[in-house]
Each structure stands twice: as C-alpha cells, then as structure tokens.
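Notebook open, model loaded. I want to look up a few spots and write down what I find.

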Amino acid sequence: MRLSFLLTATLALCLAVGGTAGAVEEPAGYRMGQYRSPVPATLTGATVVTSQAARDLWRQGTAVFVDVLPRPPKPSNLPEGTVWRDKPRVSIPGSVWLPNTGFGQLSPADAGYLEAGLIEVSGSDAARPLVFFCRADCWMSWNAAKRALEMGYTQVYWYPDGTDGWTAAGWTTEVVEPLTLD
C-alpha cells in the first residue's frame, strides 16, 4: 500500500514538472532565453547524435566539431588593476570553439563571426559534416545548428549531450581556444 502511494506520488510529481524526457517541442524560431534547460529531442533538418554516434563521427575524422559554449564575461565590478583570466574551455579534442554564437539573437559581430568561422572550418564546403555541441541541456548548440542549416549547410549534426555526455563516457578532453579569424 505504501509503495503504491509513493509510486503514484512520484508519477504525479513527474507529470507536474514537465512530463518525460523529449517532451520539449521544437520552437519555430530560436530559443531566446533560459538556455540551460531541457532541449527537444529533434532539430528539423539536422541529425541528432548520441554520445556514441558523436564518438564515431569524431573517430572518422571527417566532421568538424563546433563548440558554441559562450565565453564567460569579465565581471564589470572588478577593482581597477585586477588581472582577469578567462576560464579555460575544456572540450572535445580537435573541436573548434566559436563562443557566443548560440544565443537566440546574435549581434551583427557575433553573426558575422559564426558565418566566417563556419566558412573557415568547412573550407567553404556546405556539405562538410558539422557537429554542433555545448553542454547537456543547452539550447545554444541547438540555435547554432539551426543557423547553420539556414546558411545552407547540409550535413548538420546536433550533439545535445555535448561535453557533459563526452566526459561522462570517460573520453579524453582538451583545452581549446576561441577560433581566431584574420
């Protein structure tokens, strides 16, 4: 009797806070806020990959892995003369970091950086496989992959578990620097 009550209460709680995984619908446009929250299971036009599928693509060496985690902003209230050091970005080995390109609305500079960065890393080949990622439950990679599709890239992969899924699988990582364009 008590177990039955606990199971019923747990089910009711799960339904009250959002149901089951994958219940998030794809928005028509970009996600504009609350970027660290549950993501949909799909991205129309892209191939959604699991950690193992991402690892397989990585091992093949033909896909470009594009990390879009934002760069932490320098606090505005630091005392004068304080040395600011960016937090290192630990990512999938060989990935390209295009920070700040996954927000729902991009500044013209960030939109240009994303476009130029994708041209650079794809070698101007719209059919070059691109794997977009960030962290688990992060809409930024979803937004960036959606933009790549709209730019005409045809082999777009979205890895929703990102570096969290990669490290949980026990695979190696490395510190990456933002892509510098001339």
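**Ser95**

I started at the side chain of Ser95, where a polar atom sits 2.8 Å from the backbone oxygen of Ile92. This is a predicted model, so I am reading computed values throughout. The Ser95 side chain also has a polar contact with the side chain of Ser91, at 3.0 Å. I checked where Ser95 belongs: the loop between strand S3 (89-91) and S4.

Is Ser95 buried or exposed? I get 9% relative accessibility, and the cut-off for buried is under 20%, so Ser95 counts as buried. Then I listed what Ser95 touches, skipping residues up to four places away in sequence: Phe65, Asp67, Phe133 and Val176.

**The sheet**

Two of those names took me to the strands, as Asp67 stands opposite Phe133 in S5. I counted the bridges between S2 and S5 and found four, with the two strands running parallel. On to the next pair: S5 and S6 also run parallel, joined by four bridges. Here I noted Phe132 opposite Trp158 in S6.

What is the order of the strands in the open sheet? I wrote down S1-S6-S5-S2-S4, five strands with parallel pairing. Strand S1 (47-48) and S4 are the edge strands, each pairing on one side only.

I looked at S5 from both faces, and both are covered. Leu130 and Phe132 are buried on one side, Val131 and Phe133 on the other.

**Helix H3**

Next I went to H3, residues 108-122. I make it 15 residues, with 21 Å from the first C-alpha to the last, close to the 21 Å expected at 1.5 Å a residue. Which residues of H3 are buried? My list reads Tyr113, Leu114, Gly117, Leu118, Val121 and Ser122. They cover an arc of only 135° around the axis, which puts them on the same side of H3.

I then asked what the buried residues pack against, and got strand S2 (64-67), strand S4 (96-97), strand S5 (130-133) and helix H4 (139-150). After H3 comes Gly123, with a positive phi near 65°.

**Gly117**

I stopped at Gly117, which is in helix H3. Its relative accessible area is 0%, so I put Gly117 down as buried. Which residues is Gly117 in contact with, leaving aside neighbours within four places in sequence? I found Leu98, Leu179 and Leu181. I also took the C-alpha separation of Gly117 and Val96: 8.9 Å, for residues 21 places apart along the chain.

Leu118 touches Val66, Leu98, Leu130, Phe132, Ala148, Met151 and Tyr153.

**Helix H4**

With that share in mind, I finished on H4. Its 12 residues should span 16 Å at 1.5 Å a residue, and I find the end C-alpha atoms 17 Å apart, which agrees.

How many of the 12 residues of H4 are buried? I count 10, so I wrote "mostly covered". The buried residues include Trp139, Trp142, Asn143, Lys146 and Arg147. The buried residues of H4 pack against H3, S5 and S6. Last entry: H4 is followed by Gly152, and I read its phi as positive, near 105°.

How values were computed:
Residues numbered from 1 in each chain as written. Predicted model: local features only at pLDDT ≥ 70, side-chain atom pairs only at ≥ 80, totals over all residues. Heavy atoms only, no water. Expected span 1.5 Å × (residues − 1). Buried < 20%, exposed > 50% of the residue type's maximum accessible area, 1.4 Å probe, protein only. Arc of directions from axis to C-beta. Contact = heavy atoms within 4.5 Å. Polar contact = N/O pair within 3.5 Å; in protein donor to acceptor, adjacent residues only side chain to side chain. Pairing = 2+ DSSP bridges.
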